[in-house]
Protein chains: 2
Amino acid sequence: MRRTRFDDHQCPIARTADLLADWWMPLVLRELLLGRRRFNDIQQALEINRSVLAQRLARLVEVGVVERRRYQDHPPRYDFEPTDKGRALWDVLGVMWQFGERWLSDEPAAIEMYDRRTGERIEPAVIDRNTGRPLDPTATRRRRTDDPSVIA
Amino acid sequence: MRRTRFDDHQCPIARTADLLADWWMPLVLRELLLGRRRFNDIQQALEINRSVLAQRLARLVEVGVVERRRYQDHPPRYDFEPTDKGRALWDVLGVMWQFGERWLSDEPAAIEMYDRRTGERIEPAVIDRNTGRPLDPTATRRRRTDDPSVIA
DNA sequence: CGAGTGAGTCCGTCAAATGGACCCACCTGG
DNA sequence: CCAGGTGGGTCCATTTGACGGACTCACTCG
């Protein structure tokens, strides 16, 4: 299929969607961010087609979300390590987790996230940094910063 | 293309990805949640193919994220209104906004979100509800709730 | 009476996802 | 010393969806 690209849109949601809104990307990133680093490990964990995975990893390297590192020389072997930018994506995945658990699962959660130091369950929540309150789409609007009268 | 489905996965990220990780879904939801309700309005705002939009809206109705309502009888006309489940997705979009603005935009933000009552800028942030602290993927692990010794 | 509106459907084309085989350099066990 | 992994891919045929664009059909408005 021809895929429409959004990476040149002004809207930050569109730019993020261009990177992340692909079936496999969130799962590939989940594996990378929770510690899997090697091509074959990820491929087997996700049962993803090898060429699709190769292409997704190449994209992640290209946009600077992971680094491809040579971890041995003979024969050359590579792995994939998240950058700061990649780790920042965990916020998005964490909130996807929270949404999926609350709204897309029938039974009580079969898997949970926890802090490996304290053992405590982790429950991501989204707030507005300025007010500390939850987001409310019905009260939210967009505006151009160069001309606040224009509603984007 | 054949698309692999994740809606039966245990992992909440996979379930959410199955719904949202499609190029158009975040943008369609952005429009719906920020107030656009009608097929033609959304189609023109996004410049999305009409049959693709029809299919995406049908999916959103099917999973209960929006409701299709008849708003006039002669001739029958329909619009699409987010449900509570749909409004809950705003958290995900808000965090995608934040990521895109911080990591995918070069120039200072051209568009911002604000509260239509107070006029204040909105900056979504993700915290752990229990500790109030930001998420840290390097400290995060998964476990099965039925058997905490199994690392998922 | 003709144009426009709203919410779609239908069609041909093109490209990406999929399953599966293949590759090749090195390492390991017997 | 040779067979069988292992790691990180590439290549191929098939299928399916995205895309652009035209068409529909029941009204309503001027």
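1. Two copies of a chain are related by a rotation about an axis and a shift along it. For the comparison below, copies are superposed by least squares on the C-alpha atoms of residues with pLDDT of at least 70 in both. The model is a predicted one.

2. Chain B is superposed on chain A by a rotation of 180°, with 0.0 Å of shift along the axis and an RMSD of 0.0 Å. The two chains are therefore related as by a two-fold axis. Within chain B, the C-alpha nearest the axis belongs to B:A21, at 1.9 Å from it. Both copies use the same surface, since 100% of the contact residues of chain B recur in chain A.

3. Around DNA strand C there are 28 residues, of which A:N49, A:R56, B:T4, B:R50 and B:Y78 come nearest. By class, the residues of this surface comprise 11 nonpolar, seven polar and 10 charged.

4. Phosphate oxygens of DNA strand C lie 2.5 Å from a polar side-chain atom of A:R56 and 2.7 Å from one of B:R68.

5. The elements giving two or more residues to the surface near DNA strand C are α4 (50-62) of chain A and, from chain B, α3 (39-46), α4 (50-62), β1 (66-72) and β2 (77-82). The most is given by α4(A), with five residues.

Notes. Residues are numbered from 1 along each chain as its sequence is written. Chains are lettered from A and ligands numbered from 1 in the order in which they are written. This is a predicted model: local features need pLDDT of at least 70, side-chain atom pairs count only at pLDDT 80 or more; totals for chains, interfaces and linings use all residues. Side-chain values use heavy atoms; hydrogens and water are left out. A residue is near a molecule or strand if one of its heavy atoms lies within 4 Å of it. A polar contact is a pair of N or O atoms within 3.5 Å; within protein, one must be able to donate a hydrogen and the other to accept it, and residues adjacent in sequence count only if both atoms are side-chain atoms. Helices (H or I, at least four residues) and strands (E, at least two) are DSSP runs, numbered from the N terminus. Ala, Val, Leu, Ile, Met, Phe, Trp, Tyr, Cys and Pro count as nonpolar, Asp, Glu, Lys and Arg as charged, and the others, Gly among them, as polar. Contact means heavy atoms within 4.5 Å.
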